[in-house]
Amino acid sequence: MLQALRNKMHGWPSIVILGVAVFAMSFFGIESYFMSRNDTFVAKVGKQEISQQQFQNRLNQARQTASQQQGDNFDGSIFEQPSTKLAILNQLIDEKLLEKANSDLGMVVSSQALRDFILAIPAFQLDGKFDATTYRTVLSMQGKTPEMFQSEVQASLEPSLIPDAITAGAIVTAADVDRFLNLRLQRRDVRYAQLPQPKIDDAPVTSAQAQAYYDQHKDQFGIPEQVSLQYIEVNEADLKPAAPPSDEDLRKRYQDEKAKFVQPEQRLVSHILVNVPKNATPDQQKAALDKAKKIASEATPADFAKLAQQYSDDLGSKRQGGDLGWLEKGVTTPAFDEAMFKMQKGQISQPVLSDEGYHIIWLRDVRSGVAKPFEQVRDELLKEAEAGSKDRVYNDLAGKLTDKTYQNPSSLEPAAQELGLKIQSTPLFSRAGGPGIAADPKVLKAAFSDDVLAQGNNSNLIELGTGHAVVIRVDKHVAASTKPLAEVEDAVRQRVIAQRETAAAKKQADALLARLQKGESLDAVADSVGAKVQKVDGVMRLQPSLSPALEKKAFLMPHPQSGKPEFTEVELDDGSFALLALDKVEGADMSKIRPEEREMLRGQMVKAYGAEATQEFIGQLRSRTEITIFKDRL
């Protein structure tokens, strides 16, 4: 072949072909033959990418929240459904759009808003007030510094900047509240008669009828694709740590990490804030400074709290007389920090300018940094050492498991024998999941992946949680199928009969409704089929005085005209039918609604209107932004 090509590649044709090849390589870049880029993002919003890791983190958060809320009723399979994944991805897309809009509009989370949010977190409070020691302790347990946490909080608050601004501009009038209340508390007087099941064709279901129903509804008798797994599990909780450290080792660890056990210097502070408007004019800035200077000149320790309650623009501390509690470096803004740590105990500062405005600071007390002695923290050091030891044992074993199962991809036996681990198994389960590890989305994804299911390989190490992982392989695979008619014939015949019953009930209801619409009374029509008329007055929305189907229909019916009732038919949940008459519609009694209830409702309506307007705003952003979604990467 090569020699034949060589013999033919002479003359002007070869020159043309060679020239085209050289042009192509020079135009597109010869490196394109040797380099490739594997895009892994799940969506692109304009120029911003949403990575698979970002999507997976949000999916896991949603799954964890649902699990905590639903408890034993939690069904993890819903989070593997494409519709659920797409809904969560759309949330991330909306956040990216708002992030870009924040940047375009110059909207940022202010230092004051960030501080107020953190100060209000219950986990950081003692006796209802923010406590700096608790703050640092909680963050330390999570492996975070105050700066890291503040960045996280700021990032979490940014997506709500525009929605909050839109909601703040929503207007709900008293007339709007009245219209809603009139609908919500509207009362309707109804009558209904549940119809008996009419006689049906009692001819037996023929084989042909059963076959026809089966052929039209095969999806109702499907058996989903299923697999069972073999797996090796490594769980840090089941591992034994190495020999416990000696006191000498613990003392050395104490010296190395002594800074962790030092209580930082803290200052008990109150303040009065005088806001400076954003984009303030020189006159506004001067007015704010003059006001702050006047307050500072009048302030004394004895009347500071009273002045704070009277003048401070910090709503978070105003009611407490400006009390901010014990603070340490890094909790407040740099300007506030610098001024606070230059002051002497009992001193009241001159106005200090920060992003929020001018602060008058009263340093009430000082608490020096103190190191906890070794004896007080020995148990903590021991627990950390043992946890670190178990962590190292786990990482070593998990690493070896990964290596061994990769070296022998067609079996778990070699890894199990060499590492002394047990091979476990699961029952058959579908893509909806199953018991044990089969409930974990990462296990489900791996079990039905091409590499594990089709190629028959061991999976990679799958992290089920901190210090807990498995390697799986498919033990049995049962392809999706449909149960044969012979196996479900009884169920098919019952469904054919149920169809007959529903059709007969609908035909009877149609005929009786026609009689009502021609002028016969409900009592007479109901009596003709042996049904009893029930009367229910004052039916309200979302109150269990009627069955859900009857209630829904009752509030969809038009108002009666000229004193004549409106009629309709309703199919009930059990497949039977009822005749429904609407006799009267009465509006809400506004005199029974307390002012605080109206105000609470108005607040809820403002939020609802704001949410609706926010969605419209996001819709406009979507229409102006190129958005690409890669569903195959979800």
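**View 1. Buried residues of helix α8 in the predicted model.** Helix α8, spanning residues 161–168, has L161, I162, P163 and T167 as its buried residues, where buried means under 20% relative accessible area, exposed over 50% and partly exposed in between, with a 1.4 Å probe and protein chains only. These buried residues of α8 pack against α4 (82–105), α7 and α23 (595–623), contact meaning heavy atoms within 4.5 Å. Helices (H or I, at least four residues) and strands (E, at least two) are DSSP runs numbered from the N terminus.

This is a predicted model, in which local features need pLDDT of at least 70 and side-chain atom pairs count only at pLDDT 80 or more, while totals for chains, interfaces and linings use all residues. Residues are numbered from 1 along each chain as its sequence is written, and side-chain values use heavy atoms, with hydrogens and water left out.

**View 2. The crossing of helices α5 and α7.** The axes of α5 (residues 111–119) and α7 (residues 146–157) come within 10 Å and cross at roughly 105°, the axes being lines fitted to C-alpha atoms, for helices over the stretch in contact, with angles running from 0 to 180 degrees between N-to-C directions. The two helices α5 and α7 are therefore roughly perpendicular to each other, a term for angles of 65 to 115 degrees. From α5, L114, F117 and I118 meet F149, Q150, V153, Q154 and L157 of α7. The residues of this contact comprise six nonpolar, two polar and no charged.

**View 3. The largest nonpolar core and the surroundings of F124.** Among the 26 residues of the largest nonpolar core, those touching the most other members are I118, F124, F130, Y135, F149, V269 and L327; such a core is a set of buried Ala, Val, Leu, Ile, Met, Phe, Trp, Tyr and Cys residues joined through side-chain atoms within 4.5 Å. Two or more residues each come from α5, α6 (132–141), α7, β10 (323–327), α15 (334–340) and β12. Apart from neighbours within four places in sequence, F124 is in contact with residues including I118, F130, Y135 and F149.

**View 4. H359 in strand β12.** H359 lies in β12 (residues 357–367) and, at 2% relative accessibility, counts as buried. The side chain of H359 forms polar contacts with the side chains of H271, at 3.0 Å, and S354, at 2.8 Å, each being a pair of N or O atoms within 3.5 Å of which, within protein, one must be able to donate a hydrogen and the other to accept it, residues adjacent in sequence counting only if both atoms are side-chain atoms.

Key. Parallel < 35°, antiparallel > 145°, perpendicular 65-115°, else oblique. Nonpolar A, V, L, I, M, F, W, Y, C, P; charged D, E, K, R; others polar.
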